[in-house]
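Here is a short report on one protein model. Keep the structure open while reading.

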Amino acid sequence: MQKYCRHCGTNFEITEADLKFYDKISPVFDSRKYPIPTPALCSNCRMQRRMAFRNERNLYKRKCDYSGKEIVSIYPPTSKYKIYDQNIWWGDKWDAMEYGQGYDFKRPFFDQFAELLLKVPRASLQNEKNENSSYCNDTTELKNCYLCFNSQNSKDCYYMTTVGRNTQDCMDIFWSLTCELCYECTKVSNAYHCFWGYNSSNVSDCYFFEDCHGCKNCFGCVGLRQKEYCIYNKQLTKEEYEEFMQKIQFTHTKIQKEKEKLRALRMKIPCKNLVIQNSENCLGDHIMNSKNCTECFDVIYSENGKFIWDAMVNNSYDCFNTGIDTNFAYECVGVYVANNIKFCNKCSNNSDLLYCDYCLQSEHLFGCAGLRHKKYCILNKQYTKEEYEKLVPKIIASMSGKTSEISESHQSWGEFSPVSISPFGYNDTMAAEYFPLKREEGLKMGFNWNDYAKPKITGIKSIPAEKLPDNIQDVSDDILKCAIECEKDKKLFKFIPQEINFYRKQGIALPHLCMDCRHYARKNLINPRKLWIRECMKCNKEIQTNYGPDRPETVYCEECYLKEIY
């Protein structure tokens, strides 16, 4: 079945397998199935819409709407939503059921849901079991961490995103696991004392490396396996390697030159068309230990999924940042430990939820927000099981346009919440990272926009990044009293004592970019989450890859790549 995307105008296909999935997850009440219709948007536009509901990295200082205390929050002071300090939100000083409202069949569902979202308090941040890690969001079990996001089980780390599994003493890392004493690493796992690395695993004491696995004491290398004492992919003796390293000073100038050398070497070494490991019948990139996953990216331990990004789920479609013991999820974002959950945002430990926002440890909810340990509720109002199972089908019928009360233009059953009711401005969300838009474009497309400007650093000396000392040995503690003008976006930022100590211990020059620009530079190392058809540059076989046709890299199919590397 061919369809036309209502949002971007592209054609997309609905397969027989897709139709079977939609039929399988369609809810049943009183032995009658209420079919979920085929999507009206293409997979990318659906992903963009979900991402517009997730702010991961943008923090603000504001007042708690309960206590009046100044707090750190993912919601700016200008937000129209009611924001509680996360400790109060989790406490017993308020009850989300107090905001319950009856369903009005003369009004569109999303109008009523939007009103509920405005009334029910939202948590300022989303952190659990953290210690001395106040300036973080969407994290669990962090200790002594600063400006870390979507991460867990880490300590003494700074400026990291999507990191976990006992990571410690690291800075400026992205999408990495089990790292220690690492800096500027992306897609790196099981690493010790590694710097400026990408897409590598089981590495130690490596510098400026990419696609290296099982390596140690390597410098400026690409595509190596089980190697030691290599420089620019050339084998040296231990003595030769150590002599080379003794002469290295990681000045800012040297770091930039080595990055350019690594990029030049990358162009000479073949790339694998897709990174798929220990998986069966999968298509996408960075898929591990999975089966039957199609058009999925950064997915692990998953089965029978499609259009999934950053997840660990089974029997699910159209999910972002979702997983851990999750089954039969559809059109969800930020959902964990869940079963049979659809069109939901930031809900965990739930089952049988439809159109819910930030509900926890609950089941059989429709259009609810902020509920915990509840069942059989609609718009935060309590019903009996019998009442619930009678009323929800009527709401679905109304949302499907099968009743006279709601006009055809408001038919909405089977679609994720409209972007107009997202609590965030588009420019604060993950959507802006993967689908960048200018303000005018975003507003024209119906997205919200955050125009709040954070207070600028004032009253202290500022230094253009270009004027920073080239060598960390020439940096005094006075730098902590100064604001630095980012070399790229010209915004002012400050160093903290912990990172200055890290640079000194590792002999690394001060960065010239602010935290955000460094993050985006790391993120830009990762290929687009999009597939193209092109030919293997070795055997000319047709392959699918996320290296676009105009990319300069040498791209091989898996068979040719393995022959070349091994």
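The model is predicted. Its open sheet has nine strands, in the order β23-β24-β25-β26-β27-β28-β29-β30-β31. The pairing is mixed. Strands β23 (276–277) and β31 (381–382) form the edges, and each pairs on one side only.

Strands β26 (residues 303–333) and β27 (residues 336–342) run parallel and are joined by four bridges. Ala-329 stands opposite Ile-341 in β27. Helix α1 (residues 16–25) packs on the sheet and touches β26 and β27. The direction of α1 makes about 120 degrees with that of β26. Helix α2 (residues 43–51) also packs on the sheet, where it touches β25 (291–300) and β26. For α2, the angle with the direction of β26 is about 100 degrees.

Next, the backbone. Most residues other than glycine have a negative phi. Phe-307 is not a glycine, yet its phi is positive. Tyr-376 is not a glycine either, and its phi is positive too. The table lists both.

| Residue | Phi | Strand | Relative accessible area |
|---|---|---|---|
| Phe-307 | about 60 degrees | β26 | 9% |
| Tyr-376 | about 60 degrees | β30 (residues 375–378) | 12% |

Phe-307 counts as buried because its 9% is under the 20% cut-off. Tyr-376, at 12%, is buried by that cut-off as well.

Now the surface. Ile-457, Ile-460 and Leu-492 make a nonpolar patch of about 200 Å². Ile-457 sits in the loop between α9 (439–444) and β32 (462–464). Its relative accessibility is 32%, so Ile-457 counts as partly exposed.

Definitions and conventions
Residues numbered from 1 in each chain as written. Predicted model: local features only at pLDDT ≥ 70, side-chain atom pairs only at ≥ 80, totals over all residues. Heavy atoms only, no water. Pairing = 2+ DSSP bridges. Helix = DSSP H or I, 4+ residues; strand = E, 2+ residues; numbered from the N terminus. Contact = heavy atoms within 4.5 Å. Axes fitted to C-alpha atoms, helices over the stretch in contact; angles between N-to-C directions. Patch = residues over 30% accessible without salt bridge, like charges linked within 9 Å, V, L, I, M, F, W, Y side chains within 5 Å. Areas by Shrake-Rupley, 256 points an atom, 1.4 Å probe, with all protein chains shown as cover. Salt bridge = Lys/Arg side-chain N within 4 Å of Asp/Glu carboxyl O. Buried < 20%, exposed > 50% of the residue type's maximum accessible area, 1.4 Å probe, protein only.
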